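Here is a short report on one protein chain. Please keep the sequence and the 3D view open while reading.

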Amino acid sequence: SLEMLSLSQNKFRIPPDLSECRKLFFLNISRNELATLQPLGVLPSLSMLSAGFNRFSSIEVIPFLPRLTELFLSQNGIRELQGLADRFPSLDSLDLEDNELSDTWAVINALLELKNLTELRLSGNPMVGPSYRLTVCTKLQGLDTLDGEEVTAVDRLTAESLKASGKRKKAAEAKKKKKKTSAWHDDAKDGDEKNRRTGKVK
């Protein structure tokens, strides 16, 4: 039974019928004109899927693939990652280069649900900016590589430092707020006491 298949550069608009390929574990269907991959739900053994250079706008056009570990979706028009972990719970390698992802925190929150993720590519998206690498390394601490570059000890230390700095800043702001509230309470209490002495409060 067929285990590996390449259907790249065929101008497909919908995937062909692969329902007989129950043991297929690798499929290259990149460089077509696909807007959906829902028919691939009949492939229970699929673990590697290359589907870059198509016309996807979201993850929702791809079916539930429980054994998928590697997914390549570069050069599509993907704008959001809703349902990512629900569809691919075993994913450890994900390529989303050159899409339309702009909401950094929405992307990170979706990626946090992928508990096995170690390799990630996001370069070429609108969300990528000067602090992007540090932000991603801070939140996704299980990554081994980001955009083809190893996540080094320096990256992790810098990320941890940034995370600790953020915690200290939040703690300082909370302390300042508490102090301000306490001062306001003391002022109000002093005002009531002064009014009692002058007979204005009974």
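How many helices and strands are there in the chain? There are 4 helices and 8 strands. The model is a predicted one.

## Overall layout

The chain has 202 residues, and buried residues make up 35% of them. Read from the N terminus, the elements follow the pattern β-β-β-β-α-β-α-β-α-β-β-α. Take the contacts between residues at least 6 apart in sequence: 32% of these join residues at least 24 apart.

In what order do the 8 strands of the open sheet run? The order is 1-2-3-4-5-6-7-8, and the pairing is mixed. Strand 1 and strand 8 (149-150) are the edge strands, each pairing on one side only. Strands of a sheet pair through backbone hydrogen bonds, in either a parallel or an antiparallel sense.

One pairing can be followed down to residues. Strand 5 pairs with strand 6 (residues 119-121) in the parallel sense, over 3 bridges. D95 has R121, in strand 6, as its bridge partner.

## The nonpolar core

The largest nonpolar core holds 47 residues. Which of them touch the most other members? They are L27, L49, L81, L94, L111 and L120. Helix 1 (84-87), helix 2 and helix 3 are the elements that give two or more residues to this core. Nonpolar side chains tend to be buried together in soluble globular proteins.

L49 shows what such a position looks like. Leaving aside residues up to four places away in sequence, L49 touches L27, I29, L37, L40, L65, L68, E70, L71 and F72.

Is S30 buried or exposed? S30 is buried because its relative accessible area is 8%, under the 20% cut-off. S30 is found in the loop between strand 2 and strand 3 (48-50). Its side chain makes a polar contact of 2.7 Å with the side chain of N28. Residues up to four places away in sequence aside, S30 touches L7, S8, Q9, S50, A51, G52 and N54.

T138 is a second case. This residue lies in helix 3 (residues 132-139). T138 is buried, at 10% relative accessible area. A polar atom of the T138 side chain lies 2.6 Å from the backbone oxygen of L134.

## Positive phi in two loops

K11 is not a glycine, yet its phi is positive, at about 60°. K11 lies in the loop between strand 1 (4-6) and strand 2 (26-28). With 65% relative accessibility, K11 counts as exposed because the cut-off is over 50%.

D98 is not a glycine either, and its phi is positive at about 55°. D98 is placed in the loop between strand 5 (93-95) and helix 2 (104-112). Why does D98 count as partly exposed? Its relative accessible area is 32%, which falls between the 20% and 50% cut-offs.

## Rings

How many aromatic pairs does a search of the whole structure find? The search finds 0. A charge over a ring is present, however: the charged end of R31 sits over the ring of F53, 3.9 Å from the ring centre.

Conventions:
Residues numbered from 1 in each chain as written. Predicted model: local features only at pLDDT ≥ 70, side-chain atom pairs only at ≥ 80, totals over all residues. Heavy atoms only, no water. Phe/Tyr/Trp six-rings, centres within 6.5 Å; stacked < 30°, edge-to-face > 60°. Lys NZ or Arg CZ within 6 Å of the ring centre and 35° of its normal. Buried < 20%, exposed > 50% of the residue type's maximum accessible area, 1.4 Å probe, protein only. Polar contact = N/O pair within 3.5 Å; in protein donor to acceptor, adjacent residues only side chain to side chain. Contact = heavy atoms within 4.5 Å. Core = buried A, V, L, I, M, F, W, Y, C linked by side-chain atoms within 4.5 Å. Pairing = 2+ DSSP bridges.
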